[in-house]
Amino acid sequence: PCQALDSSFFQWTRNPERMVGFDPRVHIVANQKTNEWQYGALSAAERTGTYSMVLTRTVFIHRDYLTLYVTVLPKSILDTVTDSLNCEDIAMTLLVSTATHGKPPLLANLWARKALVKLYHLSAISGEAEDTKKQEEHRQLRNFCVDSFARQMNLKSIKFSKLQSNHFLVQYSSKEKFETTPFSDEDTITSPPVSTDLELQLIKEWTSATSKSALLEGWIKTTSFEAKKMGLITHTEEWEKRWNALK
């Protein structure tokens, strides 16, 4: 929803050197002796309550990083991305961390992450649930990218700027607990909050809501109306009608 994007944009304006994302991921030290790293998917991040990377499908980032991506990254990293059509998100999130002394990206507020609307696509890059071979190939590639990219960017060495992990709020234990959440759960604000009329309006709407769950559901429903009508929201009547017709 636009409200989630707006709140995350305001968060980014307070930290323009960082990247603000919605999809947490984490690096895992698989072997302490060799310092081999592996890629931790969403389940690993939620299980540990920590993250050190974000996917780039929805992020706020300074445009200068786009230039740095193609001019500063080692050719071997760019070649891996080009050859595999994968890992560009890992390269970018680690690039930003390298430029910010090992700091992980910032995460959008929990309610904003819960509001993310994912559109249906015919095939997933990681493979369908029944395609275990493709899923394993995808996992191994992501492991290689995290380990190799971090090493080439000196994010594995204490002598430089080792990649840090942050704790994050995974979810609320109950619907009642969710109703008590503040508008913002930012962990760090480097400058006074931006007090634009739109941000103040959002904060007021959130804090005064009788039911925050209902408010969030309303925002999601409004945003996803067109996508739902086109059959792009899974497990809806429109989705069943469109995609079952193709079988």
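**Close-up views of a predicted model**

**View 1. Helix α1 packs against helix α9.** In this predicted model, α1 (residues 2-14) and α9 (residues 197-207) pack at an angle of about 125°. Their axes lie 10 Å apart. The two helices are therefore oblique to each other. Their crossing is left-handed. On the α1 side, the contact is made by Q3, D6, S7, F10 and R14. On the α9 side, L198, E199 and L202 make the contact. By class, this contact has three nonpolar, two polar and three charged residues.

**View 2. Helix α7 from end to end.** Helix α7 covers residues 132-152. At 1.5 Å a residue, its 21 residues should span 30 Å. The end C-alpha atoms are 30 Å apart, which agrees. After α7 comes N154. The phi of N154 is positive, near 60°.

**View 3. The buried residues of α7 and their cover.** The buried residues of α7 are H138, R142, N143, C145, V146, D147, S148, F149 and A150.

View 4. A209 lies in the loop between α9 and α10 (212-223). Its relative accessible area is 19%. Buried means under 20%, so A209 counts as buried. A209 and E179 are 30 residues apart along the chain. Their C-alpha atoms are separated by 9.2 Å.

Terms used: Residues are numbered from 1 along each chain as its sequence is written. This is a predicted model: local features need pLDDT of at least 70, side-chain atom pairs count only at pLDDT 80 or more; totals for chains, interfaces and linings use all residues. Side-chain values use heavy atoms; hydrogens and water are left out. Axes are lines fitted to C-alpha atoms, for helices over the stretch in contact, and angles run from 0 to 180 degrees between N-to-C directions. Helices (H or I, at least four residues) and strands (E, at least two) are DSSP runs, numbered from the N terminus. Angles under 35 degrees count as roughly parallel, over 145 as roughly antiparallel, 65 to 115 as roughly perpendicular and the rest as oblique. A crossing is left-handed if the near helix is turned anticlockwise from the far one by less than a right angle, and right-handed if clockwise. Contact means heavy atoms within 4.5 Å. Ala, Val, Leu, Ile, Met, Phe, Trp, Tyr, Cys and Pro count as nonpolar, Asp, Glu, Lys and Arg as charged, and the others, Gly among them, as polar. The expected span of a helix is 1.5 Å times one less than its number of residues. Buried means under 20% relative accessible area, exposed over 50%, partly exposed in between (1.4 Å probe, protein chains only).
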